Amino acid sequence: MTLQMRVYVPDHPLIKHWLGVARDRDTPSVLFKSAMSELGRWLTYEACRNWLPTEDTVVQTPLGDCPATLIDPTQPMAIVPILRAGLSLFEGAQGLLPLASTYHLGLVRNEETLEASCYLNKLPSELLPQTRVLILEPMLATGGSILSAMQELTQRGADPALIRIISIVAAPPALQKLSQLYASLQIYTATIDEGLNEKGYIVPGLGDAGDRAFGTPA
Ligand code: URA
């Protein structure tokens, strides 16, 4: 698969560990939820590299002046969890970005057509073009939901080059569609799986991420 867009799969033992826990069908919902939260934290940590705006300053230590680099709190930041499954990554991501605004986006997939439709949109009517946006969408499968989310964001002024997507399992169909439309976008995912089954689920994947995170019977 050749993509113009950059997709990062960090080679990190904690990410591999929590992915293994999340994939295991015998992992109970409560542990699945913590695994997703940990994955949200470590993938957000990776995504922040060369992305968070910083400012150089000088602080006074108890012993004297010292140059320091701090996060610039004046630059707008947003976290967009895609409901439901994106909520499982939220705690980990928000812990690292406590000043970010949160805009929930509720997208549901029609199980027959696999098309996404929006039932909740808390995005503001406009976003400043310098806003850094972190989208939380654990499963990039057919691409329906993530393409709708990207459209909602870019039509409000978000710059794709400042958007980062945190995913846990990504599959080629979604990555190819995103890359064709948004070459400057960057994705951070725990893994890229082979493909989709006839119902649009990622194989081997981890099943229905929303159901597993919230203990919803299939
Ligand atoms: N959504 C999920 O929760 N799992 C998949 O495999 C695909 C979409």
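Student: Is Asp11 buried or exposed?
Tutor: This is a predicted model, so to speak of local features takes pLDDT of at least 70, side-chain atom pairs count only at pLDDT 80 or more, and totals for chains, interfaces and linings use all residues. Residues are numbered from 1 along each chain as its sequence is written, and side-chain values use heavy atoms, leaving out hydrogens and water. Buried means under 20% relative accessible area, exposed over 50%, and partly exposed in between (1.4 Å probe, protein chains only). Asp11 has 66%, so the word for Asp11 is exposed.

Student: Which residue meets Asp11 in a salt bridge?
Tutor: A salt bridge puts a side-chain nitrogen of Lys or Arg within 4 Å of a carboxyl oxygen of Asp or Glu. For Asp11, the N to O distance is 2.8 Å, and the partner is Lys16.

Student: How many salt bridges does the whole structure have?
Tutor: One of them pairs Arg23 with Asp193, with the closest N and O atoms 2.8 Å apart. Searching the whole structure gives a total of 7.

Student: Which residue has a backbone N or O atom 2.8 Å from a nitrogen atom of the ligand?
Tutor: Polar backbone atoms of Ile202 and Ala209 each sit 2.8 Å from a ligand oxygen. The ligand nitrogen instead has a backbone atom of Gly207.

Student: How much of the ligand's accessible area does the protein cover?
Tutor: Accessible areas come from the Shrake-Rupley method with a 1.4 Å probe. On its own the ligand has 240 Å², and the protein's share of cover is 88%.

Technical notes. A polar contact is a pair of N or O atoms within 3.5 Å; within protein, one must be able to donate a hydrogen and the other to accept it, and residues adjacent in sequence count only if both atoms are side-chain atoms.
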